[in-house]
Amino acid sequence: MKIIIIGAGQVGGTLAENLVGEQNEITIVDSDLRVLESLQSRLDLQVICGIGSHPDILKKAGAEDADMLIAVTNSDESNMMACQVAYSLFKTPTKIARVRSEQYIIYQNQLYKHQDIPVDHLIAPEQLVTTAIKRLIDYPGALQVVEFAEGKASLVAVKAYYGGLLVGHALSALKEHMPNVETRVAAIYRRGRPIRPLSSTVIEADDEVFFIADTKHIRAVMSELQKLESSYKRIMIAGGGLIGAGLAKRLEGKHNVKLIEYSAERAEYLSTVLDETIVFQGDASDASLLREESVEQVDAFIAVTNDDEANIMSAMLAKRMGAQKAMVLIQRSAYVDLVQGGDIDIAFSPQQATISALLTHVRRGDIVNVHSLRRGAAEAIEAIAHGDESTSKVVGKQIDDVKLPPGTTIGAVVRNDEVIIAHSDTIIKANDHVILFLVDKKFIRDVEKLFQPSALFFG
C-alpha cells in the first residue's frame, strides 16, 4: 500500500517503523526537518518537510494516488484538516486521524461523515489507554489483556510465579488440572526470548506466558500460573488529565477511588464531574500526602500524568510505602522495559495502544483486529476466513494442514457465539474469526495473503 503519515513524532515514527518492513511505500510529513532526517537515516521511506494539511505538501507527498492517509500530529485540528484536504482535493480512499479532545470524541457520530469532516477512522489514544488499564484492574495479576470477537475471547499475558500450580509441569498438565476449561498457550517468553509452546514444554517460574481462552474462563486459567490475586478495591490515581479522569469515571461505581491532581483549578473541576471519586489537590510524589491518604492500604496505585519521571517516582514511592501494585504511564516507549518488573509492576505506553488501533485499519486480508504485544515485537491478530474450499487457503482445512509462517500459532476460532480453542484437527469454516499469535511480526504479510481469498471469490 502507498501510505502517507502526517506527523513524525513518537506515534508517527513508530508506525512508520512497523509498516516500512512490510513492502509498503511510506511517505512521512513533518515540519521538523531534523526529526525527518533521523527517520530517513534508519528507515527506507520518503520524507517531506512542511505542514501536512497544506494542499501543495500533500500533493508533493503523493496524495493523488495514495491508498491511505494517517494524521497523527499533536494537533487534533491539523489532523482533521489534513483528512479534509486529502478527501476534497485528492479523493484519498482511507483517512485516519488521531483525535484527543474529549469535546470532539463526544460528538464523533455526528461530526465524522464525508459530508461533514471526512475522517474514516478516529483514533483516541486516551480512550484506548483507559480501556487497557481498566482490563488490568478487572484481571489482577495480568500483564496485558486484549480482547477479540467483540470480547468473546481474550489473550492474556501473565508472569508464572513460584507456587503456581502449573510451574514445573508440562503444558499437557493444563488439561488434567482444568478438565472443563479449554485454553491454549499461544507463546512463552523466557528471559526475553520466545519459546515455541509444545505439550512437553515445562513452565518455569518467571516465564511470561500468553494464553487464549473464552473470556469467562480467564481467571481460572490465571490461577494455574500464579496465586490468584484478590480483586482490587482501593485505587489511587495520580494525574487528573483525560486518562486519569476517564479511568476514575469508569472505576468509581465498583471501586473506592482517590485521585491526586496537581492543578488546583483542574482538581476543583474534577470534584464536580466525578460522582464518587475523592479528589485531592497536591503532588503525588509527596510522601506526607501519600501517608495521609493511607497509600499502604491501596490495592493499585496508577500514575498517569503526562510527565514520565513524575509517574515513575510517585509510583516507586507509593510501592515502597506499601501500595500492593504500582502501574505507570510511560510516554517514551523505550523506557517501558527499563522500569517494569522492579518496584513498578506494569508500565504501559499510549504509543503501543495507538499503534495497535492504527494497524487494525492498515492490515489487509480481512484482518479485523490487531494488538501489538511485547512493545511491538509480536502481534496478535483476528482474521475472518472468507471463501470456500476452492477459493480460500484456510477454509475447510484442519489447522495442521494450514501453511502457517514460522513462529505463528492459531490460538482459537470464534464461530458465531462459540469460542473453539484450536487443536491440530480443528477445521476452519467460512466466516470463522481466527485468532493468531505472531512471535515475529515480519511474517504478517504472509498471514494476510493466507486470509485473502482468490479472485474467484465474490463476497
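A: What follows describes the cavity, then the ring pairs, then some separate local features.

The model is predicted. The count of cavities of 30 Å³ or more comes to 1. The volume of the largest cavity is about 40 Å³. Its lining consists of Leu155, Ala186, Ile212, Thr409, Gly411, Ile435, Leu436 and Phe437. Sorted by class, 6 of these lining residues are nonpolar and 2 are polar, with no charged residues. Two strands, β20 (408-415) and β22 (433-438), each contribute at least two residues to the lining. The largest share, 3 residues, is supplied by β22.

One of the lining residues, Phe437, also belongs to a group of rings. The structure holds 2 aromatic pairs. In the pair of Tyr189 and Phe210, the ring centres are 5.9 Å apart and the planes lie at 70°, so this pair is edge-to-face. The pair joins distant parts of the chain, since Tyr189 lies in strand β9 (residues 183-190) and Phe210 in strand β11 (residues 208-214), 21 residues apart. Both Tyr189 and Phe210 are buried. Phe210 also pairs with Phe437, and this pair is tilted, with 5.2 Å from centre to centre and 55° between the planes. Here too distant parts of the chain are linked: Phe210 is in strand β11 and Phe437 in strand β22, 227 residues apart. The relative accessibility of Phe210 is 1%, so Phe210 counts as buried. For Phe437 the value is 2%, and Phe437 therefore counts as buried. Taken together, the ring pairs link Tyr189, Phe210 and Phe437 into a cluster.

Asp206 is found in the loop between β10 (193-195) and β11. Asp206 has a positive phi of about 80°, although it is not a glycine. Most residues other than glycine have a negative phi. With a relative accessible area of 48%, Asp206 is partly exposed. A second case is Ser294, with a positive phi of about 55° although it is not a glycine. Ser294 lies in the loop between α12 (287-292) and β15 (300-303). Its relative accessibility is 24%, so Ser294 counts as partly exposed.

Another serine, Ser372, is found in strand β18 (residues 367-373). At 6% relative accessibility, Ser372 counts as buried. The C-alpha atoms of Ser372 and Leu359 are separated by 8.4 Å, the two residues being 13 apart along the chain.

A further ring takes part in a contact with a charge: the charged end of Lys91 sits over the ring of Tyr87, 5.5 Å from its centre.

Finally, helix α7 (residues 125-138) can be checked for length. At 1.5 Å a residue, its 14 residues should span 20 Å, and the end C-alpha atoms are 20 Å apart, which agrees. The buried residues of α7 are Pro125, Glu126, Val129, Thr130, Ile133, Lys134, Arg135, Leu136 and Ile137.

Terms used: Residues are numbered from 1 along each chain as its sequence is written. This is a predicted model: local features need pLDDT of at least 70, side-chain atom pairs count only at pLDDT 80 or more; totals for chains, interfaces and linings use all residues. Side-chain values use heavy atoms; hydrogens and water are left out. Helices (H or I, at least four residues) and strands (E, at least two) are DSSP runs, numbered from the N terminus. The expected span of a helix is 1.5 Å times one less than its number of residues. Buried means under 20% relative accessible area, exposed over 50%, partly exposed in between (1.4 Å probe, protein chains only). On a 1 Å grid over the protein atoms alone, a cavity is a set of points where a 1.4 Å probe fits but cannot get out, and a pocket is an open set with protein on both sides within 12 Å along at least five of seven lines; lining residues have an atom within 4 Å of a point. Grid points are joined across faces, edges and corners, and a volume is the space filled by probe spheres set on the points. Ala, Val, Leu, Ile, Met, Phe, Trp, Tyr, Cys and Pro count as nonpolar, Asp, Glu, Lys and Arg as charged, and the others, Gly among them, as polar. Rings of Phe, Tyr and Trp (its six-membered ring) pair if their centres lie within 6.5 Å; planes under 30 degrees apart count as stacked, over 60 as edge-to-face and the rest as tilted. A charge sits over a ring if NZ of Lys or CZ of Arg is within 6 Å of the ring centre and within 35 degrees of the ring normal.
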